[in-house]
Amino acid sequence: TNYFIQTNLRMITHTSESSSSSSEEATSSDVEMQAAGGQNNPATTEQEITQIEFEAYPPADEDWSGVRVLLASLFQGLTLDLGYLSQTLIDNYKVATVIKGADIEVGEDDPVFAVASILPLQMYKNKDKLEQLVTTILTKCGKEEMGEVEKILNSSDTALMLNAKYSNLPLQITAQLYKALKMELITERKENPAYNVKHLVVLGKSYTEPEQRKNKKLRVSEPSVCYQSVDLDVIADVASHRFSWRIADETLAAVSTVASDDVLLGYRTAFILPIDKFLKGVDKILEKLSETV
């Protein structure tokens with residue numbers, strides 16, 4: 001079901017010429033800068049408030065490029081075939097949603113602002129690509145839990161939950177994405193046994209507080225991270241496993257609880273959680289998102 005949300009969105013527009021790059025890293029950095037409304041050079045950018053009406057659609061082949069750009073930002077620093085992952089997500093569109101602007105005219109740029117999907121790992125028909133995904137995630141996992149995590153990742157009862165979006169996207173849209181995922185998953189499980197999974201693997205953006213980084217006496221084997229969006233707090237509470245790693249040369253936009261001039265070092269956190277706890281936790285996620293609006 002399509003839905004509409006009209007809201008003000010802070011967009012960042014380049015006002016001076018800059019060199020272009022065709023690399024995936026440059027593409028994902030551009031998405032993060034525009035999406036987050038983060039700290040940019042005022043001499044080269046300007047901010048404007050734009051009212052945008054959003055609409056949800058099942059992903060289609062024409063969304064491949066936009067989906068890939070969003071996944072490049074989420075999976076930054078990881079060795080993955082993002083083109084294959086994007087196409088696999090699109091091919092399995094029944095438990096997936098993309099958010100685009102409503103009333104886009106023919107010939108206009110139609111960017112993908114968000115994508116959400118629950119993708120059973122057995123949908124990876126290319127086993128080499130699946131092995132690449134599993135191996136890449138395992139390289140970030142601690143030795144003490146690697147055995148359990150590897151067993152879950154190699155199970156046919158495991159799915160990857162993808163939730164990639166512009167960081168300043170209105171929280172109402174994040175809430176709608178979770179509602180859609182829950183409804184679509186419950187429906188599809190009745191028709192397709194592949195969706196009767198037991199575990200979800202979720203990747204989310206996280207960061208370290210400036211105070212923690214400045215405390216040179218603090219010695220921890222694993223960083224104590226905060227999550228960029230409140231839905232990940234709920235997921236963290238019910239996760240059986242979670243582990244984080246630093247993303248080189250990435251800074252995330254400041255959140256409301258941190259002064260805007262603070263530079264937050266970017267991390268990624270992987271969560272593994274039982275599917276039943278996710279389904280039960282969606283209502284709590286929606287509650288948290290409504291409190292934050």
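A salt bridge is taken here as a side-chain nitrogen of Lys or Arg within 4 Å of a carboxyl oxygen of Asp or Glu. By this rule, the predicted model contains 3 salt bridges.

**View 1. Salt bridge between Asp63 and Lys100.** The side chains of Asp63 and Lys100 meet with an N to O distance of 2.8 Å. Asp63 belongs to the loop between β2 (45-57) and α2 (64-74), and Lys100 to strand β3 (residues 96-101), so the pair ties together parts 37 residues apart in sequence. Asp63 is buried, at 2% relative accessibility, and Lys100 is buried with a relative accessible area of 7%.

**View 2. Salt bridge between Asp81 and Lys129.** The closest N and O atoms of Asp81 and Lys129 are 2.6 Å apart. Because Asp81 lies in the loop between α2 and α3 (82-91) and Lys129 in helix α4, the pair ties together parts that are 48 residues apart in sequence. Asp81 is partly exposed, at 29% relative accessibility; Lys129 is also partly exposed, with a relative accessible area of 25%.

**View 3. Salt bridge between Glu250 and Arg268.** The N to O distance between these side chains is 2.8 Å. Glu250 in strand β8 (residues 241-252) and Arg268 in strand β9 (residues 264-274) link distant parts of the chain, 18 residues apart. Both Glu250 and Arg268 are buried.

**View 4. Contact of helices α4 and α5.** The axes of α4 (residues 127-138) and α5 (residues 143-153) come within 10 Å and cross at roughly 160 degrees, which makes α4 roughly antiparallel to α5. The crossing is right-handed. Val134, Ile137 and Leu138 of α4 make the contact with Met146, Val149, Glu150 and Leu153 of α5. The contact residues comprise 6 nonpolar, no polar and 1 charged.

How values were computed. Residues numbered from 1 in each chain as written. Predicted model: local features only at pLDDT ≥ 70, side-chain atom pairs only at ≥ 80, totals over all residues. Heavy atoms only, no water. Axes fitted to C-alpha atoms, helices over the stretch in contact; angles between N-to-C directions. Helix = DSSP H or I, 4+ residues; strand = E, 2+ residues; numbered from the N terminus. Parallel < 35°, antiparallel > 145°, perpendicular 65-115°, else oblique. Left-handed = near helix turned anticlockwise from the far one by under 90°. Contact = heavy atoms within 4.5 Å. Nonpolar A, V, L, I, M, F, W, Y, C, P; charged D, E, K, R; others polar. Buried < 20%, exposed > 50% of the residue type's maximum accessible area, 1.4 Å probe, protein only.
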